[in-house]
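Please read them alongside the coordinates.

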Amino acid sequence: MTLTLAACGSGDDGAEASPTKGDDITVGLLLPEKANSRYEKFDYPIIKKKVDALTDGKGKVVYANAEQDAAAQNRQLQKMVDEKVDVLLLDAVDSSAIAAGVKKAKKAGIPVIAYDRLAEGPIDAYISFDNEEVGQVQGRALADRLDGGKGQKIVMMNGAVTDPNAAQFKAAALTELKAKVTIAKSYDTKDWKPANARANMMAAISAIGAGNIAGVYSANDGMAGGVISALKAAGVTKLPPITGQDAELDAVQRILAGDQFMSVYKPYPEEAETAAEVAVARVRGYGIEFDSLTPDKVSSPTDKNVPANLVQVAPLTRTTIESTVIQDGIYTVEEICTAKYRSACSELGIK
Ligand code: GAL
């Protein structure tokens with residue numbers, strides 16, 4: 001009786017509290033790249049802050065960014081296993097190349113939670129956005145915008161083949177687009193790099209002719225920047241509709257200026273905070289909380305029925321800037337509506 005009560009006192013979800021782990025939790029966080037601003041600007045700081053809040057300031061986040069190098073990420077993971085972190089949050093550069101590392105961590109008794117991208121190997125949970133919905137939102141927006149029939153040619157600029165999200169974005173976008181337009185060229189972009197997207201777009205322009213491109217499906221904002229730069233270099237002044245994803249500040253401004261048609265807003269705080277909660281609950285052995293945080297199920301090529309949480313996303317166009325990134329405090333009006341964009345902002349009533 002006394003023992004049960006003592007265990008109960010150690011946490012707010014007391015009934016299942018592990019008596020061995022209190023607030024001194026170390027979360028190892030492995031993120032994939034820096035070219036896209038989300039990782040350093042949102043994912044890392046939000047996770048850190050949430051772990052801090054959940055552990056009364058006593059928990060720690062050890063962070064490593066692989067900068068698109070899958071081998072480097074394997075080493076970073078190994079180092080965290082050697083240092084005996086309590087749990088890993090892993091956003092894989094290459095979801096299958098990291099599987100051996102995931103196995104090692106598991107063997108060492110360290111649970112691995114796949115973050116944003118579904119890593120292969122024995123993961124404990126997967127926290128991400130609804131990536132199928134991302135592709136649907138992009139594809140549907142472009143298909144609706146291009147209402148000139150199947151003769152219209154578009155270019156598809158997809159993400160990296162090492163990222164399973166990229167395949168989901170592409171497949172879902174295709175279901176929306178393929179009956180309505182012609183996919184004249186389609187590329188998988190190495191490392192998601194804007195410069196690679198720019199080079200592929202140059203090739204598409206020479207093959208199709210700049211004037212014959214009715215729209216571009218770009219899987220994210222960084223690559224949309226590369227696509228726009230290629231079109232401008234080819235002398236295009238009236239840009240076709242171009243999609244994106246991530247609600248990067250540059251992209252929000254391009255949307256204001258009319259250079260980019262849309263992006264997808266993914267509420268980073270919700271994804272990152274959920275991941276921190278799941279990681280801490282897992283270490284503390286709070287099974288009920290862990291289960292309620294992971295109501296969905298996903299399967300990877302190696303593992304079936306992984307408990308998951310897939311956060312909903314929203315389209316970001318000129319008319320939804322206010323109800324998404326501004327309302328959620330992602331950017332302030334001052335950050336978005338700089339001198340160059342002030343008149344577009346006031347036209348839309350953003351103040
Ligand atoms: C995806 C991620 C996107 C974007 C992209 C490029 O996996 O879901 O938000 O960051 O990678 O890194």
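1. Buried is used here for under 20% relative accessible area, exposed for over 50%, and partly exposed for values in between (1.4 Å probe, protein chains only). Helices (H or I, at least four residues) and strands (E, at least two) are DSSP runs, numbered from the N terminus. The model is predicted: local features need pLDDT of at least 70, side-chain atom pairs count only at pLDDT 80 or more, and totals for chains, interfaces and linings use all residues. Residues are numbered from 1 along each chain as its sequence is written, and side-chain values use heavy atoms, with hydrogens and water left out.

2. In helix H9 (residues 249-257), the buried residues are Ala 251, Val 252, Gln 253, Arg 254, Ile 255 and Leu 256. Their packing partners include helix H8 (221-233), strand S12 (314-316) and helix H14 (342-347); contact means heavy atoms within 4.5 Å.

3. An open sheet of 3 strands runs in the order S7-S6-S8, with parallel pairing. Two strands pair if DSSP finds at least two bridges between them. Strand S7 (182-188) and strand S8 (213-218) are the edge strands. S6 (residues 153-158) pairs with S7 over 6 bridges, and Ile 154 stands opposite Ile 183 in S7.

4. The largest nonpolar core has 88 residues, of which Met 201, Ile 321 and Val 325 touch the most other members. Such a core is a set of buried Ala, Val, Leu, Ile, Met, Phe, Trp, Tyr and Cys residues joined through side-chain atoms within 4.5 Å. Beyond four places in sequence, the contacts of Met 201 include Val 155, Ile 213 and Leu 231.
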